[in-house]
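Dear colleague,

I am handing over the structure below, and I would be grateful if you could look through it alongside the notes that follow.

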Amino acid sequence: MNSLLTAPLAPLLTRLFAAAETADAPLRRQFADSSPEERDALMQQARTDYLGFYGLAREMYLPVSPETGRLLYLLVRATRARSVVEFGTSFGLSTLHLAAGLKDNGGGRVIGSEFEPGKVARARDNLRAAGLEAFAEVREGDALQTLARDIPSSLDLLLLDGAKVLYPKVLSLLEASLRPGALVLADNADQNPTFLAYVRAPENGYLSVPFSDEVELFMKL
Ligand SMILES: C[S@@+](CC[C@H](N)C(=O)[O-])C[C@H]1O[C@@H](n2cnc3c(N)ncnc32)[C@H](O)[C@@H]1O
């Protein structure tokens with residue numbers, strides 16, 4: 001059984017990644033056309049005012065790449081994961097990959113988190129359209145609150161893809177629930193060098209690999 005490569009999910013993902021290309025193009029163009037100083041200012045806003053920063057991006061998908069999505073599905077399947085948490089759901093493209101993996105594993109649940117209500121609604125619609133709503137829950141609100149309660153005691157996999165400045169806080173919130181051997185995939189973690197240094201230092205309890213330019217993958221020891 002493979003939900004990722006068959007209908008309804010496969011054509012839905014093709015459509016959503018294409019829609020994301022169109023919706024996110026103006027932001028990408030603006031970023032590419034801006035001066036290094038303007039780019040620094042934007043990154044600084046992301047660090048100091050993440051609510052304001054993501055408020056401006058409420059119409060943007062900002063999804064994981066199709067390759068990272070496929071990697072998420074593969075990791076869920078390979079580890080026979082049952083319990084997954086996601087920081088930063090947006091329109092739910094990563095959530096769809098994670099939930100599909102759980103379904104194909106025979107069951108489980110991904111707990112997503114998103115503070116933009118419009119995005120929460122769209123993510124839930126997408127999960128319903130894919131027939132995956134039984135395998136995912138999207139918690140509305142700031143993940144610092146929504147992921148601070150009712151988390152399964154043994155997490156198999158964590159995706160970090162919300163505000164990069166919060167990666168250390170979200171990891172420490174969930175650290176005790178990660179089972180030994182649990183995997184953490186952090187997207188665009190290069191935007192938080194302090195966080196990268198932390199997870200790459202084995203004395204902090206992780207074994208980490210810079211998987212690609214965008215992805216840091218690490219395991220709880
Ligand atoms: C890069 S996008 C996530 C993309 C998503 N993982 C996907 O592949 O489709 C980051 C999302 O995280 C949300 N976000 C950022 N910080 C958050 C927080 N503290 N709590 C909840 N959501 C947050 C933003 O609103 C944004 O939609």
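The side chains of Glu137 and Arg139 are joined by a salt bridge, 2.7 Å from N to O, where a salt bridge is a side-chain nitrogen of Lys or Arg within 4 Å of a carboxyl oxygen of Asp or Glu. Through shared partners, salt bridges bring Arg109, Glu137 and Arg139 into one network. Arg109 meets Glu137 with the closest N and O atoms 3.4 Å apart, and this pair links distant parts of the chain, strand β2 (residues 109-114) and strand β3, 28 residues apart. Arg139 is buried at 8% relative accessible area, whereas Glu137 is partly exposed at 22% and Arg109 is partly exposed at 38%; buried means under 20%, exposed over 50%, and partly exposed in between, with a 1.4 Å probe and protein chains only.

Please keep in mind that this is a predicted model, in which local features need pLDDT of at least 70, side-chain atom pairs count only at pLDDT 80 or more, and totals for chains, interfaces and linings use all residues. Residues are numbered from 1 along each chain as its sequence is written, and side-chain values use heavy atoms, with hydrogens and water left out.

As for the sheet, seven strands form an open, mixed arrangement in the order β3-β2-β1-β4-β5-β7-β6; strands are DSSP runs of E of at least two residues, and helices runs of H or I of at least four, numbered from the N terminus, and two strands pair if DSSP finds at least two bridges between them. The edge strands, β3 (136-140) and β6 (206-210), each pair on one side only.
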